[in-house]
Amino acid sequence: MKKGPKAARCKGCDALIFWAKTPAGKNMPFNVSPAARAEWIAYWNAKAGVVSCFRDVRGSAGYNQAMVNRAYNRYQPHWETCPRPPSKR
Ligand SMILES: [Zn+2]
């Protein structure tokens, strides 16, 4: 990430995460380290002034073929790897 995202911490496990807006306008937590095989692509959306993300699945909301082709960084949703999800406490 070149710009924008503020680092945050998971309330469950205290790992570093960042938040990105999904095409549906929801905030989603991601691990800060890119993951080559992750399904989500996150990018700095200068127009909106936020980090936006979308799922690299053809036909999904917000899917952007050009960005997939340009190999934008992929990230894994934090809940997939969180050892202590806050919601399960
Ligand atoms: Zn966590």
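Trainee: What share of the contacts in the protein with a separation of 6 or more comes from residues 24 or more positions apart?

Mentor: Such residues account for 57% of those contacts. Two residues are in contact if their C-beta atoms, placed from the backbone, lie within 7 Å. The structure is a predicted model, in which local features need pLDDT of at least 70, side-chain atom pairs count only at pLDDT 80 or more, and totals for chains, interfaces and linings use all residues. Residues carry numbers from 1 along each chain as its sequence is written.

Trainee: Where in the protein is confidence lowest, and where is it highest?

Mentor: The lowest mean, 87, belongs to helix α1 (residues 65–69), and the highest, 96, to strand β6 (residues 74–75). These values are pLDDT, the predictor's confidence in each residue, from 0 to 100. Across the protein the mean is 89, and 92% of the residues reach 70 or more. Helices (H or I, at least four residues) and strands (E, at least two) are DSSP runs, numbered from the N terminus. The protein has one helix and six strands, in the order β-β-β-β-β-α-β.

Trainee: Why is R55 called partly exposed?

Mentor: R55 has 17 other C-beta atoms within 10 Å. A residue is buried if 20 or more other C-beta atoms, placed from the backbone, lie within 10 Å of its own, exposed if 12 or fewer, and partly exposed in between. The value for R55 lies between these limits, so R55 is partly exposed. R55 is part of strand β5 (residues 50–55), and beyond its neighbours within four places in sequence R55 contacts E39, W40 and S60.

Trainee: What makes D14 exposed?

Mentor: D14 has 9 other C-beta atoms within 10 Å, so D14 falls under the limit of 12 or fewer. D14 sits in the loop between β1 (8–9) and β2 (16–21). D14 also has a positive phi of about 70°, although it is not a glycine. Most residues other than glycine have a negative phi.

Trainee: Which residues make up the largest nonpolar core?

Mentor: The eleven residues are I17, F18, A20, F30, W40, I41, A42, V51, C53, F54 and Y75. The elements giving two or more residues to this core are β2, β4 (40–45) and β5. A nonpolar core is a set of buried Ala, Val, Leu, Ile, Met, Phe, Trp, Tyr and Cys residues joined through C-beta atoms within 7 Å.
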